[in-house]
Amino acid sequence: MRALVLAPHPDDEINVAGSTIIRLIRSGVEVFVAYSTNGDFNKAADVRADEAIRSLNVLGVDRDHIIWLGYGDTFNGTGRPHVFCAQAPTRSPAGHVETYAPHGFEPWRRSPYTRENFFADLQSLIVELRADMIFCVDFDFHADHRALSLMFDRVIASILRRDPSYRPEVFKRFAYSTAFTAPQDLHSRNLLSTVRPALGLEAYDFDLIDKFNYVWADRIRFPMPLDCREPSIDNPIARAVFVHRSQRIQRNALAIVNADEIFFERRTDSITFSARVTASSGDPSKACDFQMLNVRDINESPPTFADYCWTPTPDDPDRRLIFEWKAPQRVERIKIYGSLDGSIDKLRISLDNITSIDCRVERGGRPTVIDLPQPISILRAEFSIVDPIVEGGIGEIEMLPSKERADHVMPPFIKIIADDEFIYDYKIPSTIERIEIGICRFHFDGEINFDVDGGTITQRDGDRITLKLDAAEIKVRAVGDGVSDEIMIRRVSPIYFWRLRFKQMLERIYIHWLRKKF
Ligand SMILES: [Zn+2]
């Protein structure tokens, strides 16, 4: 099994998939980390590479699993085009005009800095590695992050259309708002879970949560590996952050380390990718190009989202989009993503001219989800805008063979939670006598049994149980068919928390010292 982590800069490996890299490697997955840039904006590529090697060593990735696409760091603000838009070779701020690798490495390909080459290099990387799982940075304010995220979407779409036998599991992550710039909350009583990013246009990801695919309730939450569960900088993730000394980001370790690592899954098994798509007007490919959003200008902040929708022309009486297949395709769930600024009051979906469904496409790009009573096989699907007033159009249509992906390579798991927090070795004041716990499920919908040592289950409602705590240490085990989780609840005295606070204070002094020294 193989995983590919796509990071824009050295240090983003931690923001994109830090603890997940550790977890995957320990479960026997071969993990490759590819950097789109050499991080050579304000430091030499060799310095950044040396830090990346040592950071990845902490996470368990070997030097020979590091890949350099070799593009320049931070093209924006130089007056020259960003490589994402460069039709002709462009020069990076570090003075390079073609891809190169830091000392001791070879670049993935040797290519002049152009848009076409960026696309082709990323495409060949994904095709040749053929990873089962891909983790990629998502859209945020940094032009290099945007460039990799948007180019990745285009590359994936081209591969999915060309090769129906390759359907990797894709997880994207906001490197800033759910990692690097998240609340600096490491120094708490217990490790805290990732919080919903702050709202507002000033936010690093431009307030995308609960729009398009970014439904907060649908986020994928991965648990921490065994040695990453303490609210302390002894945590390997924090140690990996400290290695990036040239970036002076030590304090960000307090933000990055959480009790869960969250992603938004992008389904690659939509049958739209293998369809012939036509429209009565407009560009039909926009509705099945994997790209949910796009920007007018890669550097503009806040960005103007544009050019990501299928929009029929105003004089088109039909306003129709048609998907056709040569062989019957199974479909159970249809997801329609509109545009940020428009909605469609009435969209008619016709499947093989037999089933007809009318729906309203939500405003703000929020997904409209239609579940069929049972899966059906179809050769043709037609989407027509009945209500003639349309702004924006349709950003993306997913036609999925099943509600959840059936062929997940990421193993299912269950995780015990309290107050929606992922808990492991859970310290609470000794005065607490009762606690309510629940379960977070990942691709597991079977029965779960609880086994409690040192406490009594007084109430159970589905996955939620109320526990009476009878001892100082209570062991709770949740077991389902092939999945399990075990936690410890420790009722501790105030002295424990004073000691912890003191230790955490010393850690903050250490971070301060690190920042002064490097
Ligand atoms: Zn970055």
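**Strand pairing and domain arrangement in the predicted model**

Strand E2 (residues 30-37) is joined to strand E3 by four bridges, and the two run parallel; strands (E, at least two residues) and helices (H or I, at least four residues) are DSSP runs numbered from the N terminus, and two strands pair if DSSP finds at least two bridges between them. Within this pair, Tyr35 stands opposite Trp68 in E3. The model is predicted: local features require pLDDT of at least 70 and side-chain atom pairs count only at pLDDT 80 or more, whereas totals for chains, interfaces and linings use all residues. Residues are numbered from 1 along each chain as its sequence is written.

The pair E2 and E3 belongs to an open sheet of seven strands, arranged in the order E3-E2-E1-E4-E5-E7-E6 with mixed pairing. Its edges are formed by strand E3 (66-71) and strand E6 (220-223), each of which pairs on one side only. From one strand to the next, the twist averages 25 degrees.

Strand E5 (169-173) is mostly covered, with five of its five residues buried; a residue is buried if 20 or more other C-beta atoms, placed from the backbone, lie within 10 Å of its own. Both faces of E5 are covered, by the same criterion: Glu169, Phe171 and Arg173 are buried on one side, and Val170 and Lys172 on the other. E4 and E5 run parallel and are joined by five bridges, and Val137 has Arg173 of E5 as its bridge partner. The chain passes from E4 through helix H4 to E5 in a right-handed β-α-β crossover, that is, with the strands pointing away from the viewer, the path from the first strand over the helix to the second runs clockwise. With strand E7 (residues 260-266), E5 pairs in the antiparallel sense over three bridges, and Phe171 stands opposite Glu265 in E7.

Helix H4 (residues 143-162) lies across E1, E2, E4 and E5, and runs at about 145 degrees to E4. Axes are lines fitted to C-alpha atoms, for helices over the stretch in contact, and angles run from 0 to 180 degrees between N-to-C directions. Contact between two residues requires that their C-beta atoms, placed from the backbone, lie within 7 Å.

The domain assignment, which is automatic or taken from a database, gives domain 1 (2-266), domain 2 (271-400) and domain 3 (413-492). The centres of domain 1 and domain 2, taken over C-alpha atoms, are separated by 30 Å. Their contact takes 24 residues from domain 1 and 21 residues from domain 2.

Methods: A residue is buried if 20 or more other C-beta atoms lie within 10 Å of its own, exposed if 12 or fewer, and partly exposed in between; C-beta atoms are placed from the backbone.
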